[in-house]
Amino acid sequence: MKKNRLVLISLCGIACLHTSNQIAQAQVSIDGTTNTVFNADANGNFNIEQGDRSGNNLFHSFDNFSVPTNGSASFG
């Protein structure tokens with residue numbers, strides 16, 4: 001039993017090391033509930049526009065929203 005647990009822990013450690021060497025990919029995807037549109041450049045900068053207005057408020061809705069380190073998200 002201890003040997004199986006040690007193997008499992010070792011495999012988890014190897015998997016964590018493997019994934020930590022990979023560059024995380026930014027992801028922005030809209031969910032379709034608002035009129036949001038976006039453009040992304042190769043540097044991980046997102047320009048997010050339109051959406052739905054109610055009074056002075058602007059609403060956007062996303063399935064996923066992840067901006068990489070040194071990237072940006074601009075809303076308009």
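User: Hi! Which residue is the bridge partner of F46 in strand 7?
Analyst: That's A73. Keep in mind that this is a predicted model.

User: Thanks! How many bridges join strand 3 to strand 7, and do they run parallel or antiparallel?
Analyst: There are 4 bridges, and the two strands run parallel. Strand 7 covers residues 72-75.

User: And what about strand 2 and strand 3, parallel or antiparallel?
Analyst: Those run antiparallel, with 5 bridges joining them. Strand 2 spans residues 36-40 and strand 3 spans residues 45-50.

User: What sits between strand 2 and strand 3?
Analyst: A turn: the two strands form a hairpin with 4 residues between them. G44 is in that turn and has a positive phi of about 80 degrees.

User: Nice. Changing topic, where is P68?
Analyst: P68 is in the loop between strand 6, residues 62-66, and strand 7.

User: Is P68 buried, partly exposed or exposed, and why?
Analyst: Partly exposed, because its relative accessible area is 24%, and buried would need under 20% while exposed would need over 50%.

User: How far apart are the C-alpha atoms of P68 and Q27?
Analyst: They are separated by 8.5 Å, although the two residues are 41 residues apart along the chain.

How values were computed. Residues numbered from 1 in each chain as written. Predicted model: local features only at pLDDT ≥ 70, side-chain atom pairs only at ≥ 80, totals over all residues. Heavy atoms only, no water. Pairing = 2+ DSSP bridges. Buried < 20%, exposed > 50% of the residue type's maximum accessible area, 1.4 Å probe, protein only.
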